[in-house]
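Dear colleague,

Please find below the sequence and structure that I am handing over to you. My notes on what was found follow directly after.

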Amino acid sequence: MGRGRLVPRYEDGRTAEDRRTQRFLQDNEVLEHVTAFANERIALAYDVPVVAKSCGGANASWDPRAKDITYCYELVEETRPVFLEQAAREGSGSAADRTRAAEDGVIGFSNGVLLHELGHGLVDMYDLPITGKEEDAVDQLATLLLATGGEQHIDYAVSTINAWGALADAQEAGDLSGLFSDEHSLSAQRFYNEICWLYGSDPAAFASAVIAVGNPDGVLPPLRAEGCRQEYEQIHRSWNRLLQPYLK
Ligand SMILES: [Zn+2]
């Protein structure tokens, strides 16, 4: 088994806003926690830097040449208002409570994004066979890791799902044509997929996710919900088989 690990690193932000974001991520040890979480579970063939930095655009990526993961401060900055709006809509508590809720959302989403990028890294590093969209496959891995990672990580999965929901609303208000050719599924699809898989990981615990009479908070249509247990089990089986030699 490889002895490689994810190795977190923060580069100094190039703008005042990026430096504030850098401090936020550092104070909350976001990269430290997500890399430790993954390192406990999966052995890598070589060390992989996970670098938070100013990129000039909102992005996160696996670089197949450099063999590293980049997490751009700008992506955090783009996501924060999404969670702030959500906290304001839910209208609970003081401004400080809403800020904290938004920060928790950003931390959760960061975990979802970084585990997604780890998925791209694993596919490349171990030449894993993937049929269908790699983007969907690594969304599955990220959700699987979060769903099986205990209460805190389940909250992270929920934050990630909330972000896709809000981003989907924003996408639908704009011009969709460029998105149909994008390699990622639409944010709305990532929203429903990840709800379905999280629900499928424990249908009893997440029963309130399903639309039903007397459940105004339900979001997942019953027709999709029906197959989610099976979808989740297939994802679980498939990723376990693919990663079996590398699981700790
Ligand atoms: Zn991706």
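Cysteine 72 counts as buried because its relative accessibility is 3%, under the 20% cut-off. Please bear in mind that the model is a predicted one.

Cysteine 72 forms a disulfide with cysteine 55, and the two sulfur atoms are 2.1 Å apart. This pair links distant parts of the chain, 17 residues apart: cysteine 72 belongs to strand S4 (residues 68-72), while cysteine 55 sits in the loop between strand S2 (48-53) and strand S3 (60-63). The link of cysteine 55 and cysteine 72 is left-handed, with -90° about the S-S bond. Cysteine 55 has 31% relative accessibility and therefore counts as partly exposed.

How many disulfides does a search of the whole structure find? It finds two. The other joins cysteine 196 to cysteine 228, with an S to S distance of 2.0 Å. Since cysteine 196 lies in helix H8 (residues 187-201) and cysteine 228 in helix H10 (residues 228-243), this pair ties together parts that are 32 residues apart in sequence. The link of cysteine 196 and cysteine 228 is also left-handed, with -120° about the S-S bond. Cysteine 196 is buried at 0% relative accessibility, and cysteine 228 is buried with a relative accessible area of 0%. In sequence order, the bonded cysteines pair as 1-2, 3-4.

Helix H3 (residues 73-90) has 18 residues and reaches 26 Å from its first C-alpha to its last, close to the 26 Å expected. Its buried residues include Tyr73, Leu75, Val82 and Phe83. Glycine 91, which follows H3, has a positive phi near 60°.

With kind regards

Definitions and conventions. Residues numbered from 1 in each chain as written. Predicted model: local features only at pLDDT ≥ 70, side-chain atom pairs only at ≥ 80, totals over all residues. Heavy atoms only, no water. Helix = DSSP H or I, 4+ residues; strand = E, 2+ residues; numbered from the N terminus. Expected span 1.5 Å × (residues − 1). Buried < 20%, exposed > 50% of the residue type's maximum accessible area, 1.4 Å probe, protein only. Disulfide = S-S within 2.5 Å.
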